[in-house]
Amino acid sequence: MTDRSSLPTGDEKARTVRAMFDRIAPRYDRLNRIMTFGMDASWRRKSIAALGLGRGSSVIDVACGTGDFCRELQKARLDPIGFDVSFGMLSAAATDAPLVQGDGLRLPLRDGYADGLTCGFALRNVVDLKALFEESARILRAEGRASFLETAQPENLVLSFGHKVYFHKIVPMIGGWLSDKAAYSYLPKSSAYLPPKNELIALLENAGFKDVSVRLFGLGAVQLLTGTRR
Ligand SMILES: C[S@@+](CC[C@H](N)C(=O)[O-])C[C@H]1O[C@@H](n2cnc3c(N)ncnc32)[C@H](O)[C@@H]1O
């Protein structure tokens, strides 16, 4: 496992993350499909179903990247707006949902604006997880729903070993062949930023969410945290 102290923090992390996604944006979708064996779309669909929102509900997709969540949200007859800091990722997006270059920690939206919020694979990437959860709670109406999808470390020892080999050795290798070795070496290392499940749940509850739950997909390699705005 990577020692968290060797990874950038604060403004340096924000600059590193943004520059990295700007760089890998043109090949991001292709690499995602390969590295998740095409399962990432079904995880996003499950995250959206977990919101349990009715047709036409407004959903903010934080860290929307190339718009994968926005596309699935539209297919589910929801009304998304995507926000991301990386102009490269937004430029590579293929969706007709409105996309805004903006920071998920400071959204230009009034309190209680949205019915729902999605956020895919970005918890590792933000500078301040507490601030992200508090901002998410701020822009949701009471009883609004949020889904945060993120990688996880399987708990089963055999699966955990296989996952470590895949995520820390094979992913950087494939990333190096098809995209950017430095970026796809950083991505697995950035899991070190992720607090354990119980801490994530506590952070969400303290930020203003209730009924927080965690589900696992992909043999425990992916976690979905959901919560309801109090
Ligand atoms: C791994 S990508 C995930 C993209 C997309 N959500 C998906 O499911 O494929 C992480 C994204 O988080 C974005 N990001 C990182 N920090 C952010 C922040 N503070 N506000 C908004 N977007 C951010 C990056 O630019 C990048 O597009």
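Is Cys119 buried or exposed, and what is its relative accessible area?

Tutor: Cys119 is buried. Its relative accessible area is 1%. The cut-off for buried is under 20%, so Cys119 qualifies. Keep in mind that this is a predicted model.

Next, the sulfur. A disulfide is a covalent bond between the sulfur atoms of two cysteines. Which cysteine sulfur is closest to that of Cys119? The closest one belongs to Cys64, and the separation is 10 Å. A disulfide needs two cysteine sulfurs within 2.5 Å. The sulfur of Cys119 is therefore too far from the one in Cys64 for a bond.

Cys64 turns up again from another side. For Cys70, too, the closest cysteine sulfur is that of Cys64. Here the gap is 5.3 Å, which is too far for a bond. Cys70 is also buried, and its relative accessible area is 0%. By the 2.5 Å rule, the count of disulfides is zero.

Now step back to the chain that holds these cysteines. It has 230 residues, and 53% of them are buried. Cys70 is one of the buried residues, at 0%. How does the chain compare with a compact globule? A compact globule of 230 residues would have a radius of gyration near 17 Å. The chain has 16 Å, so the two agree. Along its principal axes, the C-alpha trace spans about 45 × 35 × 35 Å.

Take the contacts with a separation of 6 or more: 67% of them join residues 24 or more positions apart.

The surface comes next. The chain exposes about 10700 Å², and carbon and sulfur atoms supply 54% of that area. On charge, there are 31 positive and 25 negative side chains. The centres of these two sets lie 4 Å apart.

Start with Leu187, in helix α7, which covers residues 181-189. Leu187 is buried, at 12% relative accessible area. Which residues does Leu187 contact, leaving aside its neighbours within four places in sequence? They are Met20, Phe21 and Arg124. Arg124 is 63 residues from Leu187 in sequence. In space, their C-alpha atoms are 8.8 Å apart.

Then take Arg18, in helix α1, residues 10-35. At 40% relative accessibility, Arg18 is partly exposed. Arg18 touches Val85, Ser86 and Gln101, with residues up to four places away not counted. Asp84 lies 66 residues from Arg18 in sequence, yet the two are 9.4 Å apart, C-alpha to C-alpha.

Two other pairs give further sequence and space distances. Gly38 sits in the loop between α1 and α2, where α2 covers 40-49. It counts as partly exposed, at 41% relative accessibility. Val158 is 120 residues from Gly38 along the chain, and their C-alpha atoms are separated by 23 Å. Glu199 belongs to helix α8, residues 197-207. Glu199 is also partly exposed, at 45% relative accessibility. Gly220 is 21 residues from Glu199 along the chain. The C-alpha atoms of Glu199 and Gly220 are 17 Å apart.

Finish with the backbone. Ala63 is in the loop between β1 (58-62) and α3 (68-75). It is partly exposed, with a relative accessible area of 26%. Asp211 is another non-glycine residue with a positive phi, about 50 degrees. Asp211 is in strand β6, residues 209-217. The cut-off for exposed is over 50%, so Asp211 counts as exposed at 56%.

Back to the opening residue. Cys119 is buried at 1%, and its sulfur is 10 Å from that of Cys64.

Terms used
Residues are numbered from 1 along each chain as its sequence is written. This is a predicted model: local features need pLDDT of at least 70, side-chain atom pairs count only at pLDDT 80 or more; totals for chains, interfaces and linings use all residues. Side-chain values use heavy atoms; hydrogens and water are left out. The radius of gyration is taken over C-alpha atoms; the globule rule is 2.2 Å times the number of residues to the power 0.38. Buried means under 20% relative accessible area, exposed over 50%, partly exposed in between (1.4 Å probe, protein chains only). Contact means heavy atoms within 4.5 Å. Accessible areas come from the Shrake-Rupley method with a 1.4 Å probe; for residues, only the protein chains shown count as cover. Lys and Arg count as positive and Asp and Glu as negative; His and the chain ends are not counted. The place of a charge is taken as NZ of Lys, CZ of Arg, CG of Asp or CD of Glu. Helices (H or I, at least four residues) and strands (E, at least two) are DSSP runs, numbered from the N terminus.
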